[in-house]
Amino acid sequence: MPARRLAEDGGAAGLGRDGGGGARLYRRHDRPLCRARTRTHLQHALGPSMNLYETMLERVREALARLAERGELPAGLDTSRITVEPPRDPAHGQMATNAALVLARQARRRPLEIAELLAGELAALPEVASARTAPPGFVNLVLHDDVWRRQLRTVLELGHDYGRTDLGRRERVNVEYCSANPTGPLHVGHGRGTVVGDALANLLAFAGYQVTREYYINDGGGQIEALARSIYHRYRELLGDDPGPLPEGLYPLEELVAVARTIVEEEGARWLGQPEEAWLDHFGRRGVAAMMALIREDLERLGVRHDVFTSERALIEAGRIEEAIAALEARGLVYVGTLPPPKGRPVEDWEPTPQLLFRATAFGDDVDRPLRRSNGAWTYFAADMAYHFDKFRRGHTTLIDVWGADHGGYVRRMEAAVAALTEERARLEVLLCQIVHLYERGEPVRMSKRAGTLVRLRDVIERVGRDVFRFMMLTRKNDAPLDFDLEKAVEQSRDNPVFYVQYAHARICSVFRHAVEMGHAVDPDSLRAADLDRLEDPGELELVRLVAEWPRVVVAAARAREPHRIAFYLHDLAGSFHSLWTRGKEDATLRFLLADDPARTQARLAMLAAVRGVIANGLGIMGVEPVEELH
RNA sequence: GCGCCCGUAGCUCAGCAGGAUAGAGCAUCGGAUUCCUAAUCCGGGGGUCGCAGGUUCGAAUCCUGCCGGGCGCACCA
């Protein structure tokens with residue numbers, strides 16, 4: 001089976017979405033909805049003023065409207081593709097707009113002509129210090145320092161809400177992640193998908209979506225029978241009824257011995273000598289309950305709390321599959337047919353069998369997909385389809401699933417099913433997480449599920465800590481393989497991004513401790529009252545500009561469903577801060593704390609408070625606790 | 001054979017819903033510490049963005065075809 005095979009090969013990305021055995025349909029955690037809370041009083045502040053780039057984009061559009069009004073440009077131009085961005089090259093100013101390039105064709109004018117007109121308008125704005133055109137038609141802007149300083153004040157006023165946006169417009173998004181098979185504790189590969197899903201959920205909540213975090217318990221299939229037999233095998237061993245070596249295909253997991261022991265203690269030897277039908281279901285349920293308990297412990301260690309756990313088995317028993325299929329039937333998307341043999345490599349025991357099929361080809365899939373097995377049982381796909389339909393019926397219009405890359409071949413059919421079942425009113429987006437390669441001092445750690453050497457997530461977390469693990473899992477794009485060196489991860493050096501960022505936060509905290517000793521008031525109100533005109537050094541304003549980019553980063557990361565962008569941004573921000581710090585070592589006037597200039601010190605503290613706030617904010621999205629000291 | 005993902009500096013990777021002279025870390029070479037944490041910083045060298053076409057004012061980014069790597073390919077999950 002795909003999920004297992006990848007793990008056996010030494011890898012781990014297997015987010016195993018396979019079999020299992022719980023019972024109740026949904027279980028809700030009691031927990032405050034703090035992460036997704038709405039703040040109506042904040043709505044006004046969520047406008048353009050928080051995001052300077054959006055503000056300036058508005059100014060550009062207004063300027064174009066004025067030009068159109070005066071007849072210098074045609075009316076009714078499509079301005080949707082216009083952007084205002086920080087240019088790559090600082091020599092091109094602080095913001096650049098492509099407006100003239102985008103409009104040239106529609107306006108039937110040369111880009112530079114439009115750029116000239118636009119630059120003239122923009123130069124007259126109070127925010128703008130200079131507006132210059134550059135070939136082939138950019139307008140490069142430099143804003144007055146005051147604009148950036150004012151932005152800093154906004155940051156301080158908004159506090160931990162700085163960067164929060166209404167991009168999602170309260171749309172209900174379901175993020176399903178982890179969903180590991182209830183056949184054992186989580187391993188390192190599960191950890192990646194779990195962290196990515198959890199951080200993405202945090203990110204989307206921060207970006208204004210209404211997020212449900214969900215775990216699908218695959219407790220409905222044959223895998224649970226294997227689990228039950230594995231436990232029964234141990235049960236016989238414990239009772240001295242020698243079953244011989246563990247048969248192929250059963251789980252060698254040591255935790256299963258403990259499950260068997262509990263059954264012996266609580267239920268005695270009554271299952272001994274009984275036919276399989278007598279104990280299979282019971283042992284399966286006990287096994288799933290025990291394994292889910294382990295998994296929940298692991299999630300707790302990772303600091304992950306799902307809102308909803310959905311049991312595949314419960315869905316099946318509640319008749320949800322029949323409901324989903326009926327919905328498809330009503331649209332003529334279900335039929336009995338025979339699939340062609342798999343192409344490419346021959347399958348020995350293949351024989352043409354008529355099956356109940358879903359017309360996935362009508363929605364872009366390569367072949368129609370079976371819903372029922374030849375033994376009469378529902379396929380995994382049928383249950384998963386019903387599950388996704390259920391998520392939609394609970395009100396979610398965007399469904400995000402985080403899977404291991406080994407499930408890539410499954411994406412198309414699931415997308416097809418969601419499109420069919422929801423009549424395209426909901427969309428499925430699947431994030432595939434690539435493999436995690438574990439290293440120990442540069443040497444690869446060999447892992448094999450069969451040999452029982454799969455590295456348990458709990459062991460890794462115990463060794464490197466939750467925060468380090470979570471951060472490291474977000475230092476790569478989800479679809480890129482990730483190397484994780486247990487040794488380097490806890491190294492306190494520059495090439496460890498976790499410590500690089502944490503150190504920046506800790507250093508700022510350190511400055512504040514000294515500031516308090518010097519008698520500075522560092523409460524939020526005092527900092528907000530600082531005279532920010534005292535921030536004059538180009539390096540300081542550069543840092544402020546980076547802070548001003550935070551809202552863009554949130555929006556871009558949320559749109560792209562890429563929480564790793566938060567990690568990269570924080571690394572940049574930390575770098576800019578560290579650089580400024582060191583300049584203070586060379587030039588005493590650039591130190592943050594100046595004994596003879598309390599006003600300037602106060603302004604610098606305000607700047608640092610903003611930087612610290614954004615770091616804490618970003619780490620919060622990643623699920624990482626900022627540290628105040630590193631020693 | 002088919003589908004999906006990937007291919008960027010010696011190594012590991014970013015590259016912001018197409019934007020200007022492609023960036024960071026590691027490695028390498030050279031510098032900075034009486035002073036807020038040197039667990040840091042500053043600088044040098046290093047590139048046919050896999051290859052070839054196409055769309056566009058503009059392509060690492062979008063499209064097509066090759067080459068190379070990963071994952072998957074009835075009635076498993």
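**Sheet and cores**

Q: In which sense do β9 and β10 pair, and over how many bridges?
A: Antiparallel, over 5 bridges; β10 covers residues 354–358. Two strands count as paired if DSSP finds at least two bridges between them. Strands (E, at least two residues) and helices (H or I, at least four) are DSSP runs, numbered from the N terminus.

Q: What sort of model is this?
A: It is predicted: local features need pLDDT of at least 70, side-chain atom pairs need 80 or more, and totals for chains, interfaces and linings use all residues. Residues count from 1 along each chain as written, chains are lettered from A and ligands numbered from 1 in written order, and side-chain values use heavy atoms, without hydrogens or water.

Q: Which residue in β10 is the bridge partner of T338?
A: P354.

Q: What is the strand order in the open sheet?
A: β9-β10-β11, 3 strands with antiparallel pairing. The edges are β9 (334–338) and β11 (369–370), each pairing on one side only.

Q: New topic. How many residues are in the largest nonpolar core?
A: 154. A core is a set of buried Ala, Val, Leu, Ile, Met, Phe, Trp, Tyr and Cys residues joined through side-chain atoms within 4.5 Å. Buried means under 20% relative accessible area (1.4 Å probe, protein chains only). F469, F484 and W550 have the most contacts inside this core.

Q: Which helix gives the most to this core?
A: α22 (residues 598–622), with 13 residues.

Q: What does F469 touch?
A: Leaving out residues up to four places away in sequence, it touches V188, G191, R192, V195, L302, L457, V460, V464 and F484. Contact means heavy atoms within 4.5 Å.

Q: What does the second core include?
A: That separate core has 35 residues, among them L315, I321, L328 and A426.

Definitions and conventions: Buried means under 20% relative accessible area, exposed over 50%, partly exposed in between (1.4 Å probe, protein chains only).
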